[in-house]
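Please keep the sequence and the 3D view open while reading.

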Amino acid sequence: MAKQSAIFRCAECGATHAKWSGRCDACGAWNSIHEEAPISTTPGSGMKGAKGKVIPLTALDTKETPPARVKSGMEELDRVLGGGLVAASAVLVGGDPGIGKSTLLLQATASFARKGVKALYISGEEAASQVRMRAQRLGLADAPVGLGAETSLRDILTTLETERPDLVIIDSIQTMWSDNVDSAPGSVSQLRAAAHELVSFAKKRGTAVILVGHVTKEGQIAGPRVIEHMVDTVLYFEGERGHQFRILRAVKNRFGPASEIGVFEMTGAGLAEVANPSALFLSERGQPAPGSAVFAGIEGTRPVLTEIQALVAPSTLASPRRTVVGLDSGRISTILAVLESRCGIPFAGLDVFLNVAGGMKVVEPAADLAAAAALLSAREDVALPADMVIFGEISLSGALRPVGQAENRLKEAAKLGFSQAIAPSGTKAEGSSGMSLRKLGDLVTFTGEMFGAG
Ligand code: TYD
Ligand code: MG
């Protein structure tokens, strides 16, 4: 057997090195490299000494009671959590600084506390008086929440052992600091250690733990991504600056569907739930104008209508601009290429700006056809009918592919007063509930019918 040599690992970034040095080449941190015991790779040889015990195995059909859940009463939050907060679960809520994470979680904590959940809110970023002031302003001061301002993980864990709450919020995980770990607060090793301790506590004591994590510019302090694998549920709180609404998006959930969203609006009195997001996203729509198309989308389990806006203008640049906000820019490049090579509609020499109104992000490929419609409408300077919604995926051949949940999309559109829809042929839906549905096979037919081009 080849001799296992020791490896040296950087505690800041995790890079491994063949020998010790004072500074990590990978991340530039000083004094962060430590020797790690080699791990034997020969089967069986790694476990010397006493024999382990046999673990009990069960069949897959063993009846399991569903996990105990408690609802906050904030419906948008409960839905994203998969129907309420699961006891002993660990949740990470990430988002840009200033987006409203502390506001959301303070409101959620108060709602849970009013339902009889024993809840603690530990702030490592703001003084207790600041949090109290915010709570008073939001009308939450009467909720029975235990508030602490602390960053020492040891003191927090001791407090949790004594208090045994049902729920604890840690705002934020990046400010927590463990004296067992020899690096600065906010470093990867501190972040991992703090998350590990808190998640273990959750599992051991049956406490639900919600960790707040700032998404940061690369290289400053460690982002919450490095602890995503440790927690049960990962939620991201997103929104555009200058827009009032905020979207809470589940990107991982061991206890419910991922990709579910909750919509909130930031008001002077905290975050208000938005029960009908389509109406909100379409509220700024004025008279029918060239470059605007309404996309009937699905976010998680819910249909959401959004307006896709395009502007096409002659470019003075050698390589014209392609500015895309709220949609996948790679997909838009593909759509432009398909329009050019399959439909003979060039966008060379034209600047293209594409945007989802209101700061919403759309990731579904089903938005392809609506994006193409907005682009064509802008280029041809022809407005689409105001009562029309569009959905469907575009393949590289220019064929339109049907997408899921067509019936739900149509129902939502009908509810909001739309009366016609365009969808790919093969769409499993009929023009129900007063909607007239046109099914088209490919992009060439679509451009021909809508704009007389192609
Ligand atoms: P905050 O929850 O502190 O953000 P985070 O914890 O993600 O860093 O939110 C800060 C922003 O929210 C701040 O710019 C002010 C705004 N805000 C309101 O508009 N209304 C309110 O009632 C509150 C509490 C905050
Ligand atoms: Mg905060």
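In α7, the residues Ile332, Ile335, Leu336, Val338, Leu339 and Cys343 are buried, where buried means under 20% relative accessible area with a 1.4 Å probe and protein chains only. Seen down the axis of α7, these buried residues fall within an arc of 160°, so they line one face of the helix; the arc is that of the directions from the helix axis to the C-beta atoms. This is a predicted model, in which local features need pLDDT of at least 70 and side-chain atom pairs count only at pLDDT 80 or more, while totals for chains, interfaces and linings use all residues. Residues are numbered from 1 along each chain as its sequence is written, chains are lettered from A and ligands numbered from 1 in the order in which they are written, and side-chain values use heavy atoms, with hydrogens and water left out.

**Helix α7**
- Helix α7 covers residues 329-343, and its 15 residues reach 20 Å from first C-alpha to last, close to the 21 Å expected at 1.5 Å a residue, the expected span being 1.5 Å times one less than the number of residues.
- The buried residues of α7 pack against β17 (322-325), β18 (350-356), α8 (368-380), β20 (393-394) and α10 (443-451), with contact meaning heavy atoms within 4.5 Å.
- At the start of α7, a side-chain oxygen of Asp328 comes to within 3.0 Å of the backbone nitrogen of Gly330, whereas just after the helix Gly344 takes a positive phi of about 70°.

**Whole chain**
- The chain has 10 helices and 23 strands, taken as DSSP runs (helices H or I, at least four residues; strands E, at least two) and numbered from the N terminus.
- Of the 454 residues of the chain, 48% count as buried, and the C-alpha trace spans about 75 × 65 × 55 Å along its principal axes.
- Among contacts between residues at least 6 apart in sequence, 65% join residues at least 24 apart.

**Ligand 1**
- Around ligand 1 there are 16 residues, the closest being Gly98, Lys101, Ser102, Thr103 and Gly270; a residue counts if one of its heavy atoms lies within 4 Å.
- An oxygen atom of ligand 1 lies 2.7 Å from a backbone N or O atom of Gly98, and an oxygen atom of the ligand is 2.6 Å from an N or O atom in the side chain of Ser102.
- Within the shell around ligand 1, α2 gives the most, with three residues.

Terms used. Buried means under 20% relative accessible area, exposed over 50%, partly exposed in between (1.4 Å probe, protein chains only). A polar contact is a pair of N or O atoms within 3.5 Å; within protein, one must be able to donate a hydrogen and the other to accept it, and residues adjacent in sequence count only if both atoms are side-chain atoms.
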